[in-house]
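User: I have a structure open here and I'm new to it. Can you walk me through it while I ask questions?

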Amino acid sequence: MPGAGSAAAESPRAAATAATPPAAATPTATLPSAPSPTPTFTPVPTPTNGNLCIQKFSDLDQDGILDTKEPLLPGWSFTISQGQSLVTTVVTTSTGGVCLPLPVGTYTVAEVLQAGWVPTTPPSQTVFIPGGTMVFLTFGNHQLSEQVPNPGPTATD
């Protein structure tokens, strides 16, 4: 069978397809890209203050660690010094704590001891306050129980 392959090649449809020239490519204009803007660096100012938060607690188990069942104590005074200079004095609020903003620096925080209480944490603590942060200090005390004097044995008449 000569031409079995050629019959398909000579079909009118195949001839029409072969005779159609390829479609011309549509030219597209390429615009030059605009230069991207150069980002400008805007420095973020370094915070000049940090925050100091003090918590005062009744250290029931006398371990120097604030536990969840240990109450916070309102009405305790603390001095805050920088070097030999007194910066301020603060008092714990009804929640047993107090927070205040301080300029970046190193401070010594000391509790004002109260009669009938013994410190279970250092009563004076030194801390560095970095800018833009909050630093917590805890101070624990154990309350001495009142001792009722034992009158001793009594004489019987």
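User: Which ring does the charged end of Lys56 sit over?

Analyst: The ring of Trp76, with the charged end of Lys56 4.2 Å from the ring centre. Keep in mind that this is a predicted model.

User: Is Trp76 buried or exposed?

Analyst: Trp76 has a relative accessible area of 2%, so it counts as buried.

User: How many aromatic pairs are there?

Analyst: The count comes to two aromatic pairs. Trp76 and Trp117 make up one of them, in an edge-to-face arrangement with 5.5 Å between centres and 90° between the planes.

User: Where do those two sit in the chain?

Analyst: Trp76 is in the loop between β1 and β2, and Trp117 is in strand β6. They are 41 residues apart, so the pair links distant parts of the chain. Trp117 is at 16% relative accessibility, which also counts as buried.

User: And what about Phe78 and Phe139, how are their rings arranged?

Analyst: Phe78 and Phe139 form a tilted pair, 4.8 Å centre to centre with 55° between the planes. Phe78 belongs to strand β2 and Phe139 to strand β8, with 61 residues separating them, and this pair too links distant parts of the chain. Phe78 is buried at 0% relative accessibility, and Phe139 is buried at 0% as well.

User: Remind me, what describes a pair of aromatic rings in general?

Analyst: The distance of the centres and the angle of the planes.

User: New topic, strands. What is the order of the sheet with antiparallel pairing?

Analyst: The order is β3-β2-β5-β7, four strands in an open sheet. β3 (85–91) and β7 stand at the edges with a single partner strand each, so one side of each has no neighbour in the sheet. From one strand to the next, the twist averages 25°.

User: How many bridges join β2 to β5?

Analyst: Four, between strand β2 (residues 77–82) and β5, and the two run antiparallel.

User: What does Ser81 touch, leaving out residues up to four places away in sequence?

Analyst: Ser81 touches Leu86, Val87, Thr106, Tyr107 and Thr108. Ser81 lies in strand β2 and is buried, with a relative accessible area of 17%. The cut-off for buried is under 20%.

User: What about the pairing of β5 with β7, how many bridges?

Analyst: Six bridges, with β5 and strand β7 (residues 124–129) paired in the antiparallel sense. Tyr107 has Val127 as its bridge partner in β7, and Thr108 stands opposite Thr126 in β7.

User: Why is β5 described as largely enclosed?

Analyst: Because five of the seven residues of strand β5 (residues 105–111) are buried, the rest of the structure largely encloses it.

User: What holds paired strands together in general?

Analyst: Strands of a sheet pair through backbone hydrogen bonds, in either a parallel or an antiparallel way.

User: And the sheet with mixed pairing, what order do its strands have?

Analyst: That open sheet of four strands runs β4-β1-β8-β6. Its edge strands are β4 and β6 (117–119), each of which pairs on one side only. The twist there averages 30° from one strand to the next.

User: How many bridges join β6 to β8?

Analyst: Three, and β6 runs antiparallel to strand β8 (residues 134–143). Trp117, the residue from the edge-to-face pair with Trp76, stands opposite Gln143 in β8.

User: Last topic. How many disulfides does a search of the whole structure find?

Analyst: One. The disulfide joins Cys53 to Cys99, with 2.0 Å from S to S. Cys53 is in strand β1 (residues 49–58) and Cys99 in strand β4 (residues 97–103), 46 residues apart, and the pair links distant parts of the chain.

User: Which handedness does the link of Cys53 and Cys99 have?

Analyst: Right-handed, with 115° about the S-S bond.

User: Is Cys53 buried or exposed?

Analyst: Cys53 is buried, at a relative accessible area of 2%.

Terms used: Residues numbered from 1 in each chain as written. Predicted model: local features only at pLDDT ≥ 70, side-chain atom pairs only at ≥ 80, totals over all residues. Heavy atoms only, no water. Buried < 20%, exposed > 50% of the residue type's maximum accessible area, 1.4 Å probe, protein only. Pairing = 2+ DSSP bridges. Disulfide = S-S within 2.5 Å. Axes fitted to C-alpha atoms, helices over the stretch in contact; angles between N-to-C directions. Phe/Tyr/Trp six-rings, centres within 6.5 Å; stacked < 30°, edge-to-face > 60°. Lys NZ or Arg CZ within 6 Å of the ring centre and 35° of its normal. Contact = heavy atoms within 4.5 Å.
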